[in-house]
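Thanks for asking me to look through this one with you. Keep the structure open beside you and go point by point.

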Amino acid sequence: MLYTSTRDSRLSVSASQAIAGGLSKDGGLMLPVGIPAVSEEFILSLADMSYPKRASLILSLFLTDFPANLLDVYCEDAYKPSSFENSHPAPLACLSERLFLLELWHGPTCAFKDMALQLMPRLLSHAVRAQKTADEVLILVATSGDTGKAALEGFADVEGVKIAVFYPDNAVSPMQALQMATQEGDNLSVFAVRGNFDDAQSRVKKIFSDKETADWLKQRNIVLSSANSINWGRLVPQIVYYFSAYVDLLKYKKVAPMDPINVVVPTGNFGNILAAYYAKSMGLPIARLICASNKNNVLSDFFKSGIYDANREFYMTCSPSMDILVSSNLERLLYEACGRDDRALRRLMMSLNKNNKFTVSDGIREWLEGHFWADWIGEPDCKNVIADTFNRFGYAVDPHTAVALGVYKRYLENTADYTPSLIVSTASIYKFPDTVLSALGADVDRDGFEQLEALSRITNTPIPKSLSQLKSKKIRHSQVLELDAMKKAVLDIACPPGEQ
Ligand SMILES: *Cc1c(COP(=O)(O)O)cnc(C)c1O
């Protein structure tokens, strides 16, 4: 399986090269030249396998230059019980006969990013060693909250790797900030930056495409790479849980073999729902992909109008991991939507760079409508959904999952399509205790850890150990940077000033 760039179809590299490099030099995103198709037999055969085995089998279809036995080892290790506080890393909760939640937050940082970031550092470290092009990789991460911690956990003390994380100051939840500030490890740096997530992400992208920086690093035998979902190594582990969820539904006799399901994904950078699209194009019977946004509803407007317009106010919501105006992974979808025409794609992306806006053709719009449905809900609705879901099902959801449930309700009202539906639950309630407690009508006026205990009492669920342990951890990272200081910070990490 070879990989190419969304902005230059002539490019052809191996899976390891695609993962080691992160972003393509032309500024495009790497993706496989063709999506592998699987048979019904293949899908059904997954039912009797463990999650790690399901994962390594699906990974092997994409990462053809990785030895299969190595993938087995990586997957066993990534999803081991000591990292995931549950016997199944991605279990289902059945709310009704047609409504299922896919719980993707049992990993060490309590959000779905762990599903990819427990595995991806192993893939990246192998890929870089296989390339023999550098002695060290420096991973740059811009985060709206969850990716940063998950990447830190995944990459902490991984040999041959350094990692720098940038998050928007005062725009992540207190629990998210504490998770990052207390991270242990000798190979990592964490910075709050004065700007929003989009500012941080665009600076990181700029550092990536800066030739001078690349040359400077190359002389020191260092390459830059990314742990954001612009890296293919993040996406492929995410395809796995859609297959896994489907065969679990089969096992529990909630669907018959090859019956279609709908999938609802709370969306920010478009990585998670893109993985669902790939699962669908491989042959998993997904009927409709429902893209759920919060008040930053640029994607929902785009699916409705064909116009992507990021020239709008940026809102800070109670689902901060979805507070994004430029969803990077949409580029990969658009590449498929325009029939893998790199020229058409370059035009759209140039327009996005220049005007923060682009318009797709009617043909592309129809293609998108054939697969997707999109909508958004605002802040009061989000809290109402948390309360309603708890009252009806006795199940508390985090604000991101609530956005998905709220949009799903709109979908039912609009379409009366009662196909069994999988709601992707992306974070633990304990990561956003303030919002969940207030939605449930409880007193929030207490310190963060007392909030966790209150939440545990009210919902009768255990506090994840990884969060309760934060209480006794030391603050290690407290630096705040101006956006303009990010590049220098990166160079100083790559090569400490004394050694430059
Ligand atoms: C990252 C994140 C999202 C958004 O996922 P994308 O892949 O960026 O679309 C949603 N919910 C939570 C809790 C997240 O951490």
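The notes below go from the whole chain to a few single residues.

1. **What you are looking at.** Please keep in mind that this is a predicted model. The secondary structure of the protein comes to 22 helices and 16 strands. The radius of gyration is 21 Å, close to the 23 Å that the globule rule gives for 500 residues, so the protein is as compact as a globular protein of that length. Taken along the principal axes, the C-alpha atoms fill a box of roughly 60 × 50 × 45 Å.

2. How much of the protein counts as buried? The figure is 61% of the 500 residues. The protein exposes about 19100 Å², and carbon and sulfur atoms supply 49% of that area. Look also at how the chain meets itself: among contacts between residues at least 6 apart in sequence, 75% join residues at least 24 apart.

3. **Charges.** There are 51 positive and 57 negative side chains in the protein. The centres of the two sets lie 3 Å apart.

4. **A helix with a buried face.** Now find helix H16, residues 362-371. Its buried residues are Ile364, Leu368 and His371. Seen down the axis of H16, these buried residues fall within an arc of 65°, so they line one face of the helix. The spacing is worth a thought: an α-helix has 3.6 residues a turn, so residues three or four places apart point the same way. On the other side of H16, Asp362 and Glu366 are exposed.

5. **What covers that face.** Which elements cover the buried residues of H16? They include the helices H12 (271-282), H13 (298-305) and H14 (330-337), together with the strands E11 (286-293) and E14 (372-376).

6. **One of the covering helices.** H13 has its own buried residues: Val298, Leu299, Ser300, Phe302 and Phe303. They pack against strands E11, E12 (307-309), E13 (357-359) and E14, and against helices H14 and H16. Just after H13 comes Gly306, which takes a positive phi of about 80°.

7. Most residues other than glycine have a negative phi. Asn170, however, has a positive phi, near 65°. Asn170 sits in the loop between strand E7 (161-168) and helix H8 (174-181), and is exposed, with a relative accessible area of 67%. Lys253 also has a positive phi, near 60°. The place of Lys253 is the loop between helix H11 (232-251) and strand E10 (261-266), and Lys253 is exposed at 71% relative accessible area.

8. **A lysine in another loop.** Lys471 is found between helix H21 (465-468) and strand E16 (480-482). At 57% relative accessibility, Lys471 counts as exposed.

9. Which residues does Asp342 touch, leaving aside its neighbours within four places in sequence? Asp342 is in contact with Thr6, Arg7, Asp8, Ser9 and Tyr335.

Conventions
Residues numbered from 1 in each chain as written. Predicted model: local features only at pLDDT ≥ 70, side-chain atom pairs only at ≥ 80, totals over all residues. Heavy atoms only, no water. Helix = DSSP H or I, 4+ residues; strand = E, 2+ residues; numbered from the N terminus. Rg over C-alpha atoms; globule rule 2.2 N^0.38 Å. Buried < 20%, exposed > 50% of the residue type's maximum accessible area, 1.4 Å probe, protein only. Contact = heavy atoms within 4.5 Å. Areas by Shrake-Rupley, 256 points an atom, 1.4 Å probe, with all protein chains shown as cover. Lys, Arg positive; Asp, Glu negative; His and termini not counted. Charge placed at Lys NZ, Arg CZ, Asp CG, Glu CD. Arc of directions from axis to C-beta.
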